[in-house]
Amino acid sequence: MEFHFRGYETGDPRIRPAEGLGLTRSPNIPEKLDALIVGTGPAGALLGAQLSHFPSLNVRIIEKRASRLEVGQADGIQARSVETFEAFGFADEIIKEAYQITETRFWKPDPQNPTAIVRTATTADDGADLSEFPHIVINQARLIDYLIEAGERGPGRIAPDYGVEFVGLTRTDDPEYPVTVTLRHTAGEPAGQEFTVHAKYVVGADGARSSVRRAIGRTLKGDTSMHAWGVMDVLAETDFPDANIKCAIQSHDGGNILLIPREGGYLFRVYVDLGVTAADDNGRVRETPLDEIIRRANMILSPYFLDVKSVGWWSVYEVAHRLADGFDDASPRGDGRPEQPRVFLMGDACHTHSAKAGQGMNVSMQDAFNLGWKLGSVLEGRAPTPLLDTYAAERRVIAQHLIDFDREWSGLMATPAEDLADPGALERFYVEAGEFSNGFKTEYPTSQIVLGTEHQELATGFPVGKRFHSAKVVRRSDSNVVHLGHLHTADGRWRVYVFADAPAPGEPDSEAERLAEWLLSAPGSPIVAHTPPGAEQDAVFDVKVIYQQPFTEVEHARVPEVFRPKRLPLGLTNNNKVFAAGTVDKQSVDIFTERGVSRAGAVVIVRPDMYVAGVLPLTARQELTAYFAGHLVRLP
């Protein structure tokens with residue numbers, strides 16, 4: 001964490017100094033907005049936290065509840081989400097509070113006594129070492145607290161406006177504020193009063209019954225399975241030996257259970273199979289009483305007992321797999337080209353599925369992370385509006401993959417053990433789907449913001465289109481071993497990692513140094529072309545260098561200036577962007593070997609949402625110029 005560069009600071013360094021509209025935030029929602037976010041679920045709260053790093057923008061986030069959410073329904077947080085939380089600055093805090101899933105245990109009918117269950121297998125939660133972060137479980141309400149706090153701590157100081165609900169919207173011909181939105185107060189003295197705001201963009205993060213979705217004429221399409229589940233968060237006495245470990249339990253004839261331990265050491269969630277519903281059920285299964293869910297849970301757990309002492313929350317639902325027919329309001333125009341989108345959908349507003357795969361909240365937050373930097377860049381004039389077309393193009397495919405995955409997983413969970421042709425099908429699917437279930441299967445295709453894979457061999461451990469897989473390096477300024485990816489904050493900036501070729505800093509015939517000179521001053525350099533006048537050198541591009549030599553052989557005085565920019569307002573040199581290999585306290589690190597980076601060097605471009613946008617050779621000047629010119633505005 002960098003601070004004190006403005007002068008000596010005595011406050012909490014996690015709270016960024018307010019800037020722009022963060023200095024003058026009004027308690028009342030202004031009539032004109034750059035962006036209106038509807039809903040403070042995980043997607044809406046994360047989007048607000050991201051846009052808080054664009055403090056020149058007038059952004060408000062509304063919530064029809066009168067105050068914060070107290071009990072959330074979702075709870076599973078995959079490792080990819082925790083990586084994202086690191087970028088927002090609260091991964092360590094939430095990990096300490098949460099329950100960490102390290103393994104999953106599978107229970108099936110005892111071959112000797114099918115009316116009883118026995119433990120049959122145990123699998124590691126991340127056997128492939130996909131991330132340094134854990135898979136955790138925490139109440140959705142607490143996660144939202146963290147995200148809202150991140151927005152309030154950002155320079156834009158974005159905080160929810162509680163007690164305000166979305167009523168409707170219309171598109172107008174106004175070239176600047178083309179979305180007219182009707183809102184209504186739901187709490188306090190003005191409750192029931194409606195008012196109107198005019199916005200450049202609106203984002204619907206208002207759940208599966210989204211009013212924003214209905215307002216733009218989008219619909220959810222898909223199916224509801226004929227299988228129902230009861231779910232409850234319980235405090236209970238039990239002799240089931242794995243009550244504090246994630247378990248998939250298949251009984252002989254009583255149905256199945258997915259058991260998820262919760263944070264705090266006592267609470268756990270139980271998804272209880274309620275069986276196939278009749279074709280003419282018409283939702284009556286949702287009236288199943290809590291006592292019946294507990295009775296079925298005990299039947300499935302036999303010979304063990306479950307004596308429920310307290311229930312924090314419970315519900316009954318039928319598995320639904322639905323996908324919106326569009327993730328924005330773009331519609332065909334007379335010339336056949338799509339209209340520019342002005343209203344976007346995220347999370348449950350555009351994709352629904354079962355809760356048992358633990359994916360919905362996680363995918364929803366990645367929707368927001370994908371949209372946030374794009375929306376902020378367009379609104380600040382850094383990027384042209386066509387960049388926003390990539391949101392729906394990228395995220396709708398991911399949502400479809402999620403639904404396909406969940407359909408298979410929930411189908412296996414609902415199948416009696418004796419009906420599976422392969423007795424180990426459930427365990428095998430869980431292990432083989434590890435990359436997906438941990439959030440790392442997403443791979444964006446080639447587009448205006450994702451290069452091709454022509455040079456992938458230069459950095460095989462950083463696949464183009466996939467998330468940047470962090471690895472340890474030695475920071476030369478203080479000789480500390482740090483994770484390179486953990487320095488990627490959710491501030492809307494691009495990361496350009498220059499993996500140097502063989503010469504050390506200052507040695508002759510170095511391609512890394514020739515690239516550094518070009519980046520600093522050439523007209524085609526992205527830094528020169530796209531950094532606002534008067535801004536810090538790294539305002540848009542956070543450029544870091546990683547040398548192959550042991551850190552003891554890297555001298556700052558010989559490192560090119562572009563890797564050691566000045567910090568305003570005092571003009572202090574930032575030496576924290578220079579990294580190397582080496583051994584510190586018996587810990588040996590070499591990112592070149594660990595991530596398959598060529599000793600000839602490479603440039604790895606990483607998007608603001610932490611996905612690898614391209615791998616290029618150190619000599620790729622024209623490619624760098626053309627790539628960023630394709631989606632960033634050249635500034636005077």
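Three bridges connect strand β25 to strand β26 (residues 587-589), and the two run antiparallel. Welcome to a short tour of this predicted model.

- Strand β25 spans residues 578-584 and is mostly covered, with six of its seven residues buried.
- On the β26 side, G582 is found opposite V589.
- The hairpin of β25 and β26 has two residues between the strands, and D585 adopts a positive phi near 50° there.
- β22 and β25 run parallel and are joined by three bridges; V545 stands opposite V578 of β25.
- β19 also pairs with β25, this time in the antiparallel sense and over two bridges; here V474 has A580 in β25 as its bridge partner.

**Helix α11: two sides**

- Which residues of helix α11 (residues 511-521) are buried? They are A512, L515, A516, W518 and L519.
- What do the buried residues of α11 pack against? Their packing partners are the strands β21 (494-499), β22 (541-550) and β27 (602-606), together with the helices α12 (526-530) and α14 (621-629).
- At the start of α11, the backbone nitrogen of A512 has a side-chain oxygen of S510 within 3.4 Å.

**Aromatic rings**

- Searching the whole structure gives 20 aromatic pairs.
- One of these is the edge-to-face pair of W494 and F628, at 5.4 Å centre to centre and with 90° between the planes.
- That pair links distant parts of the chain, since W494 belongs to strand β21 and F628 to helix α14, 134 residues apart.
- Are W494 and F628 buried or exposed? Both are buried.
- F628 also pairs with Y627: the ring centres are 4.8 Å apart and the planes stand at 75°, so this pair is edge-to-face as well.
- Y627 is buried, as is F628.
- A single aromatic cluster takes in W373, W494, F541, Y627 and F628.

**Arginines over ring faces**

- R467 lies over the face of F440, 3.8 Å from the ring centre.
- R342 is placed over the face of Y201, at 4.7 Å from the ring centre.

**Q456 in its loop**

- Where is Q456? Its place is in the loop between α10 (434-437) and β19 (472-475).
- Q456 has a relative accessible area of 16%, so this residue counts as buried, the cut-off being under 20%.
- A polar atom of the Q456 side chain lies 2.8 Å from the backbone oxygen of A459.
- With its neighbours within four places in sequence left aside, Q456 is in contact with F462, P463, V464 and V615.

Conventions
Residues are numbered from 1 along each chain as its sequence is written. This is a predicted model: local features need pLDDT of at least 70, side-chain atom pairs count only at pLDDT 80 or more; totals for chains, interfaces and linings use all residues. Side-chain values use heavy atoms; hydrogens and water are left out. Helices (H or I, at least four residues) and strands (E, at least two) are DSSP runs, numbered from the N terminus. Buried means under 20% relative accessible area, exposed over 50%, partly exposed in between (1.4 Å probe, protein chains only). A polar contact is a pair of N or O atoms within 3.5 Å; within protein, one must be able to donate a hydrogen and the other to accept it, and residues adjacent in sequence count only if both atoms are side-chain atoms. Contact means heavy atoms within 4.5 Å. Two strands pair if DSSP finds at least two bridges between them. Rings of Phe, Tyr and Trp (its six-membered ring) pair if their centres lie within 6.5 Å; planes under 30 degrees apart count as stacked, over 60 as edge-to-face and the rest as tilted. A charge sits over a ring if NZ of Lys or CZ of Arg is within 6 Å of the ring centre and within 35 degrees of the ring normal.
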